[in-house]
Amino acid sequence: MINDVATVTENSEEGVLQYYQSSKKAKNCIHIPFGPSPIMATAATKKIKKGEELFTSYGGTYWLGVWLNVLGEEDIEITNKIQKEIKETATDLLKSMKGVSVVYSNQLEALQEAFDR
């Protein structure tokens, strides 16, 4: 099981920004598309010691959805600061996807061939 390393603890810009800061510091893996949809892979973003728990980031928008849909809170404005954090997270994801596609190109090709049959 891979958990989110943090949660949005306050339905506000500050709560979302704190989430992204905590998440950046502590996450050690990321979920990425791998081969034909819907296959996903988990790639390490830093060295992980044997027995260490895996942590990722679900993203601030996931937790805002919890505040809105589950807890009945009002929606907050997605400010420029929050947009910057979302963009940085997307950039990290793209970087990881590119790295994995190079390292595991043979496996990706084999998966695609299997799906095309």
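**Exercise 1. At what angle do α1 and α3 pack, and how far apart are their axes?**

*Basis.* This is a predicted model, in which local features need pLDDT of at least 70, side-chain atom pairs count only at pLDDT 80 or more, and totals for chains, interfaces and linings use all residues. Residues are numbered from 1 along each chain as its sequence is written, and side-chain values use heavy atoms, with hydrogens and water left out.

*Solution.* 
1. Two packed helices are described by the angle between their axes and the distance between the axes.
2. Here α1 and α3 pack at about 25°, and their axes are 10 Å apart. Axes are lines fitted to C-alpha atoms, for helices over the stretch in contact, and angles run from 0 to 180 degrees between N-to-C directions.
3. α1 is therefore roughly parallel to α3 (angles under 35 degrees count as roughly parallel).
4. The contact (heavy atoms within 4.5 Å) involves E13, V16, L17, Y20, Q21 and K24 of α1, and K81, I82, E85, I86, E88 and T89 of α3.

**Exercise 2. Determine the span of helix α1 and its buried residues.**

*Solution.* 
1. Helices are DSSP runs of H or I with at least four residues, strands are runs of E with at least two, and both are numbered from the N terminus.
2. Helix α1 covers residues 13-26, 14 residues in number.
3. From first C-alpha to last, α1 reaches 20 Å, close to the 20 Å expected at 1.5 Å a residue; the expected span is 1.5 Å times one less than the number of residues.
4. The buried residues of α1 are G15, V16, L17, Y19, Y20 and S23 (buried means under 20% relative accessible area, exposed over 50%, partly exposed in between, with a 1.4 Å probe and protein chains only).
5. Their cover includes β1 (3-4), α2 (60-70) and α3 (80-103).

**Exercise 3. Is K25 buried or exposed?**

*Solution.* 
1. K25 lies in helix α1.
2. Its relative accessibility is 66%, so K25 counts as exposed.
3. K25 and E88 are 63 residues apart in sequence, and their C-alpha atoms are 13 Å apart in space.

**Exercise 4. Describe how β2 and β3 are joined.**

*Solution.* 
1. Strands β2 (residues 29-33) and β3 (residues 40-44) run antiparallel and are joined by 5 bridges; strands pair if DSSP finds at least two bridges between them.
2. The hairpin has 6 residues between the strands, and G35 takes a positive phi near 80°.

How values were computed
Angles under 35 degrees count as roughly parallel, over 145 as roughly antiparallel, 65 to 115 as roughly perpendicular and the rest as oblique.
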